[in-house]
Amino acid sequence: MDKERKLIIAGNWKTNKTVAEALDLVTALRRELADVKAVDVVVCPPFTALESVSKAILDSNIRLGAQNMSENGYGAFTGEIAAGMLKEFSVGYVILGHSERRQYQKETDALVAKKAAAAHAANLIPIVCVGETLMEREAAITEEVVETQLRGSLAGLTSDQVEKTVLAYEPVWAIGTGKTASSAQAQEVHAFIRKVLSSMHGDTTARRVRIQYGGSVKANNARELMGQPDVDGALVGGASLELRGFTDIVKNSI
Ligand code: PEP
């Protein structure tokens, strides 16, 4: 597939996998995806498995991501994980503002923006998630919601930082529900996101930002979604927990 932007497919393992299970999965992924060069493949295990997974993917084409981080550095922030701690395990990416964190931890756009700035300051690439709920889609306010999240979550970043940021459009109604946005629905919002990025930072920056789609991506819908002009990869939850589910998504996207 010939795209200006390299595809990036990330597996978000959420609160799943013991260290032993994580090692099993990533060792098999490393073997199965060894030849994949056309896609950036990222796995995002829970914090507890970062060290083991980091060692298991040394000198491979698989990159490591975390699922969250603190907006603060080292210090008196009980229970938090600072960017510097992630760097110790060669983490390169960090998912920020996932809808589950927005819902359960009440993360706001302003907080996500602080975390994104802290991630960039530590040379971590944030994967910033945005997306509307079912109620918002049915009320025909998807664009307003996504634009507000986008402007708020990227507030204060320079154009250079925005260009390096990965965005994930994840309609909340499609996460873990088995309901996928149609490829046309996904393309429509991705194109809109690029339009907002262009108005914020100009055409060149907007053209360079990679925008993943997330929401019940599976092997059987990956090719069509990835074939959309503004869809530059996937953020995969459920299907990334199993070897075949994830490897087939990656292979079907190329
Ligand atoms: C996610 O949580 O980011 C996600 C897209 O989950 P799922 O693939 O299970 O819908």
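User: Which residues in H7 are buried?
Analyst: In H7 the buried ones are Thr-142, Val-145, Val-146, Gln-149, Leu-150, Gly-152 and Ser-153. Keep in mind that this is a predicted model.

User: How far does H7 reach, end to end?
Analyst: H7 covers residues 142-153, twelve residues, and reaches 16 Å from its first C-alpha to its last. That is close to the 16 Å expected at 1.5 Å a residue.

User: OK, let's take H9. At what angle do the axes of H7 and H9 cross?
Analyst: Roughly 45°, and the axes come within 10 Å. H7 and H9 are therefore oblique to each other.

User: Left-handed or right-handed crossing?
Analyst: H7 passes H9 in a right-handed crossing.

User: Which residues meet there, H7 to H9?
Analyst: From H7 you have Thr-142, Glu-143, Val-146, Glu-147, Leu-150 and Arg-151. They meet Val-189, Phe-192, Ile-193, Val-196, Ser-199 and Met-200 in H9. By class, that contact has seven nonpolar, two polar and three charged residues.

User: Now the other neighbour, H5. How do the axes of H5 and H7 sit?
Analyst: The axes of H5 and H7 come within 7 Å and cross at roughly 40°, so this pair is oblique to each other too.

User: Which residues make that contact between H5 and H7?
Analyst: H5 brings Asp-109, Ala-110, Val-112, Ala-113 and Ala-116, while H7 brings Thr-148, Gln-149, Gly-152 and Ser-153. The class breakdown for H5 with H7 is four nonpolar, four polar and one charged.

User: What about H5 itself, which of its residues are buried?
Analyst: Asp-109, Val-112, Ala-113, Lys-115, Ala-116, Ala-118, Ala-119 and His-120. The buried residues of H5 pack against H3 (83-87), strand S4 (93-96), H4, S5, H7 and H8 (159-164).

User: How many residues in H5, and what's its reach?
Analyst: H5 has 13 residues and reaches 18 Å from first C-alpha to last, close to the 18 Å expected at 1.5 Å a residue.

User: What happens just after H5?
Analyst: Asn-123 takes a positive phi there, about 65°.

User: Which residues other than glycine have a positive phi elsewhere?
Analyst: Lys-14 is one of them, with phi near 50°, and Lys-14 sits in the loop between strand S1 (7-12) and helix H1 (19-32). Ser-90 is another, with phi near 60°, in the loop between H3 and S4. Ser-90 counts as exposed because its relative accessibility is 52% and the cut-off for exposed is over 50%.

User: Switching topic: where is Lys-164, and what does it touch?
Analyst: Lys-164 is in helix H8. Leaving out residues up to four places away in sequence, Lys-164 touches His-120 and Ile-125. His-120 is one of the buried residues of H5.

User: Last one: how far is Lys-164 from Gly-176?
Analyst: They are twelve residues apart in sequence and 27 Å apart in space, C-alpha to C-alpha.

Notes
Residues numbered from 1 in each chain as written. Predicted model: local features only at pLDDT ≥ 70, side-chain atom pairs only at ≥ 80, totals over all residues. Heavy atoms only, no water. Helix = DSSP H or I, 4+ residues; strand = E, 2+ residues; numbered from the N terminus. Expected span 1.5 Å × (residues − 1). Buried < 20%, exposed > 50% of the residue type's maximum accessible area, 1.4 Å probe, protein only. Axes fitted to C-alpha atoms, helices over the stretch in contact; angles between N-to-C directions. Parallel < 35°, antiparallel > 145°, perpendicular 65-115°, else oblique. Left-handed = near helix turned anticlockwise from the far one by under 90°. Contact = heavy atoms within 4.5 Å. Nonpolar A, V, L, I, M, F, W, Y, C, P; charged D, E, K, R; others polar.
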